[in-house]
Each structure stands twice: as C-alpha cells, then as structure tokens.
Amino acid sequence: MFYSEDLTYLMIPGPVEIHPRVYQAMNEHVFGHRTAHFRTILQQATEGIQKVLGTVNPVAIMAGSGTLGLHAALSNVLRKGDEVLCFVNGKFSERQADIVSAFGIEPIIKEIPYGEPVLPEQVKEALETHPDVAITTVCHNETSTGVLSPLKEISEALKGSNSLLSADGITSAAGDYVLMDDWGVDLFVSGSQKCFGLPPGLAFISHSPKADERMNDPNGFPTYYDSIPLYSAGIKKGWDAPFTPPIGLVYGLLESLNIMFEEGLENRIKRHHKMGEAFRSAFLAMGLSLLAKENYHSNTVTTALLPEGVNSSEFSRVVREMGILIAGGQGHLKGKIFRVGHMNLVGPREVLMTVSVIEHALRKVGYEFTPGSGVTAASDVLM
Ligand SMILES: Cc1ncc(COP(=O)(O)O)c(C=O)c1O
C-alpha cells in the first residue's frame with residue numbers, strides 16, 4: 001500500500017489533522033509551570049477557550065482525554081441521593097449516564113432513537129415526571145450519530161427547575177456556535193483532539209457559579225486529581241496549575257487558538273457549516289441516506305448509511321488504501337453507517353478529496369450510482 005499509516009489523512013471525528021504551527025509550538029523549550037512565562041501562557045490559553053465557549057466562567061484545563069472532562073464535571077457536582085436525568089441519543093451521551101452509574105447513582109435515562117436530537121419538549125416532559133432532578137446531562141454534538149441538539153432551547157426548558165445542565169461539547173466547541181453564558185449552561189466540557197486542533201490529552205471544563213455552589217459538599221463524592229475547586233484556587237493564586245500540566249500541549253493550545261482568532265471565530269464556524277453542507281449534499285447526490293434527522297445535522301461530523309449489500313469493512317479498507325481514514329458506526333450501527341469528521345483544518349480541498357475517494361471506494365465495492373455525482377454536488381456547494 002503506497003499510503004503508509006503516517007501518510008494517512010485523518011477524516012475521522014477526532015483526532016484530527018494538526019496545523020504545522022501547532023506542532024512547532026509544542027516543540028518549544030519546556031518552561032517550568034511555576035514560571036511567569038508559563039503562567040502567562042496558561043492565562044492566555046484559558047481566556048482563548050472562554051472566548052470560544054462564550055463564557056466568563058472559569059475553565060479548568062485538565063490533563064486527560066474528553067472523558068476525564070465529563071467525569072470531572074459530574075464528580076464535582078454529584079451528591080449522594082441525587083436524581084440525575086440523562087438524555088441518551090448515541091454512544092457519547094450514554095457515557096455521561098455511565099459515569100453517573102459509576103458513582104452508584106441510577107440515572108433516569110431518556111432514550112431517544114439514534115439519529116434524532118434531544119428536544120426541549122422532551123426535557124419539559126421529563127421534568128414534569130421528575131421535578132426534583134439535580135443534574136441533566138446531554139451531548140451537544142453526538143459524534144456517534146452526527147446529530148446536533150438545540151442546547152439553547154434545552155437549557156431554556158430547564159429554567160424554573162433546580163437542575164444543573166451538564167453538556168458534552170467535545171465535538172461542537174471551536175467548530176460550531178457555543179454561547180455557554182447566554183444559553184445558561186452550567187457545565188460545558190470539551191477536549192483537545194477535535195475542533196480545538198491539538199493532539200489528545202487536554203480536557204476543558206467550564207463551570208458556572210450555580211455549579212460551583214454544589215462543589216465541596218459533605219454529601220458529594222471524593223475528588224482529587226479531578227477536583228475543579230483545586231483548579232479554581234490555582235487560577236486565583238496567579239495562574240497556578242495544581243498539578244504539572246502537559247506543558248507542550250498548552251503551548252500548542254495557545255497557538256491553535258491564535259490560528260482560530262486569525263481566521264476569526266465566526267468565519268471558522270461558517271467554514272465548518274459549509275464543509276458539512278458540502279458533505280451532506282455529496283452523499284445525497286450519490287443516492288445515500290443521512291442518519292441525522294434533517295435540520296439537526298452536526299456541522300463537524302457527517303454520518304451516512306451504507307447502501308444495502310455494501311460490505312463495510314471492504315469499503316473502509318479501500319478508503320484507507322487511498323490514504324484516508326474515515327470512521328465506521330458504533331454499537332448497533334456498526335457495519336451500517338460511515339462517519340466523516342470535518343473539524344479544524346478541513347476545507348474545500350479535503351472535502352473534494354474525501355468525497356472522490358469515497359466515490360471510488362463505493363464503486364470498487366459494487367455500489368451503482370452516477371460516478372462524479374458526489375464531487376459535483378460538493379463542488380456546487382463550495383462554488
Ligand atoms: C461527543 C464526545 N464525547 C466524548 C468523547 C470521548 O472523548 P475521549 O475519547 O477524548 O475521552 C468523544 C470522543 O470521540 C466524543 O466525540
């Protein structure tokens with residue numbers, strides 16, 4: 001195979017391709033984390049994340065993957081005996097429910113068919129039955145199905161209740177609109193290896209004053225490495241990280257944020273929307289069906305159903321042979337769908353390249369459609 005693994009272009013929904021400037025920044029001399037130099041970098045990086053999340057709330061930058069962020073968000077606010085409402089419309093929203101269960105709390109799970117969003121009326125309905133819910137969890141951009149749920153409306157539906165809203169924004173932030181403060185989200189979690197354009201290893205947890213009120217409670221659960229109050233205290237002490245941070249990743253984070261602001265956050269989001277539209281249009285033109293319900297499509301990951309009779313592993317193998325990595329389905333969707341991530345650096349070139357490779361692979365595995373129809377449709381959107 002000509003394209004060795006290190007030449008394979010990542011079109012999966014994270015990790016993503018990384019800007020050369022970010023690689024360069026990560027290789028800078030490692031300063032001590034208690035130096036004025038590093039404290040300034042940590043402050044600037046945190047302020048950058050706040051801009052991306054539309055918040056003035058503090059952000060804890062922890063060393064770990066996105067799941068650590070979800071774990072920390074919940075471990076810090078859960079109390080014994082809490083009623084926790086978890087909306088599950090895919091594999092990642094299920095993860096927050098799993099974390100709650102790991103604390104010995106049986107979550108109230110509201111299952112929503114894969115491909116569909118969480119809707120505010122479903123939240124209102126659930127609250128009528130469970131008015132004492134303390135925490136509600138949702139996944140803003142469900143990566144396993146390519147569905148974006150209306151977080152603002154979900155948050156509005158929670159008004160009048162005492163419930164905190166914990167949102168997994170691991171594949172929305174920095175690729176789509178997030179206005180944590182305007183929307184009234186209490187806990188918003190994201191991670192480095194998706195739209196933030198870094199290697200894996202950093203989790204970001206932003207927390208509202210209402211969430212903070214629940215922390216350090218005698219009825220809460222023990223935390224230490226994942227203690228949000230420790231991070232907040234460090235920030236107040238002069239941008240002191242409680243534990244040694246992955247210094248190179250934080251350098252990279254600041255550079256990635258610089259690149260984002262040079263493009264302009266609004267332009268960046270519009271680019272992600274446009275690339276999403278191009279992929280959707282291409283797949284539909286090729287006669288494929290999209291998994292995500294119309295009007296609730298993710299703008300950072302597109303999911304399409306594999307045509308009847310197409311062998312999923314064979315299809316993925318041909319795509320990989322052409323030097324591109326895309327993702328398959330998870331759980332019961334394994335072998336039934338494919339997923340394309342379009343985050344961070346994905347622009348028109350990557351869309352046209354990926355669509356033509358997918359066309360080639362589908363032809364090779366025997367799917368009949370008009371060759372070139374996907375590329376033409378994508379190109380029309382990009383014109
Ligand atoms: C929406 C969402 N939540 C959670 C995760 C888990 O993140 P990690 O693998 O970084 O722990 C992912 C990873 O793909 C994700 O897309």
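## The seven-stranded sheet

Seven strands make an open sheet, ordered S2-S10-S9-S8-S5-S3-S4, with mixed pairing. Strands pair here if DSSP finds at least two bridges between them. Strands (E, at least two residues) and helices (H or I, at least four) are DSSP runs, numbered from the N terminus. The edges are strand S2 (59-63) and strand S4 (108-111), and each pairs on one side only. On average, neighbouring strands of the sheet are turned by 20° against each other, direction ignored.

Strand S5 (residues 135-139) and strand S8 (residues 164-168) run parallel and pair over five bridges. Val138 has Ala167 in S8 as its bridge partner.

## Basis of the model

This is a predicted model: local features need pLDDT of at least 70, side-chain atom pairs count only at pLDDT 80 or more, and totals for chains, interfaces and linings use all residues. Residues are numbered from 1 along each chain as its sequence is written.

## The ligand shell

Which residues are closest to the ligand? They are Ser65, Gly66, Thr67, Phe92 and Thr143, out of 13 residues that surround the ligand. A residue counts as near if its C-beta atom, placed from the backbone, lies within 6 Å of the molecule. Helix H3 (66-77) and helix H4 (91-102) are the elements that give two or more residues to this shell.

By class, the shell holds four nonpolar, seven polar and two charged residues. Ala, Val, Leu, Ile, Met, Phe, Trp, Tyr, Cys and Pro count as nonpolar; Asp, Glu, Lys and Arg count as charged; the others, Gly among them, count as polar.

## H3 against H4

The two helices of the ligand shell also pack on each other, at an angle of about 50° with axes 10 Å apart. Axes are lines fitted to C-alpha atoms, for helices over the stretch in contact, and angles run from 0 to 180 degrees between N-to-C directions. H3 and H4 are therefore oblique to each other. Angles under 35 degrees count as roughly parallel, over 145 as roughly antiparallel, 65 to 115 as roughly perpendicular, and the rest as oblique.

H3 passes H4 in a right-handed crossing. A crossing is right-handed if the near helix is turned clockwise from the far one by less than a right angle, and left-handed if anticlockwise. Thr67, Leu70, His71 and Leu74 of H3 meet Arg95, Gln96, Ile99 and Val100 of H4. Contact means that C-beta atoms, placed from the backbone, lie within 7 Å. By class, four nonpolar, three polar and one charged residues make up the contact of H3 with H4. Thr67 is in this contact and is one of the closest residues to the ligand.

## H5 against H6

Helix H5 (residues 120-129) packs against helix H6 (residues 151-158) at about 25°, with the axes 8 Å apart. H5 and H6 are therefore roughly parallel. Their crossing is right-handed.

On the H5 side, Pro120, Val123 and Lys124 take part; on the H6 side, Glu153, Ile154, Glu156, Ala157 and Leu158. The contact has five nonpolar, no polar and three charged residues.

## H2 against H10

Helix H2 (residues 36-53) meets helix H10 (residues 247-263) at about 45°, with axes 9 Å apart. The pair is therefore oblique. H2 passes H10 in a left-handed crossing.

Which residues of H2 and H10 meet? Phe38, Ile41, Leu42, Gln44, Ala45 and Gly48 come from H2, and Ile247, Val250, Tyr251, Leu253, Leu254 and Leu257 from H10. The class count is 10 nonpolar, two polar and no charged residues.

## The three-stranded sheet

A three-stranded open sheet has the order S11-S14-S13 and antiparallel pairing. Its edge strands are strand S11 (301-305) and strand S13 (327-328), each pairing on one side only.

S11 pairs with strand S14 (residues 337-341) in the antiparallel sense over five bridges. Within that pairing, Ala304 is bridged to Phe338 in S14. Helix H11 (residues 265-285) lies across S11 and S14 and runs at about 10° to S11.

## Backbone points in two loops

The peptide bond from Gly14 to Pro15 is cis, with omega near -5°. Pro15 lies in the loop between strand S1 (9-10) and helix H1 (20-26).

Asn216 has phi near 60°, a positive value in a residue other than glycine. Asn216 sits in the loop between helix H8 (209-212) and helix H9 (228-236).

Notes:
Two residues are in contact if their C-beta atoms, placed from the backbone, lie within 7 Å.
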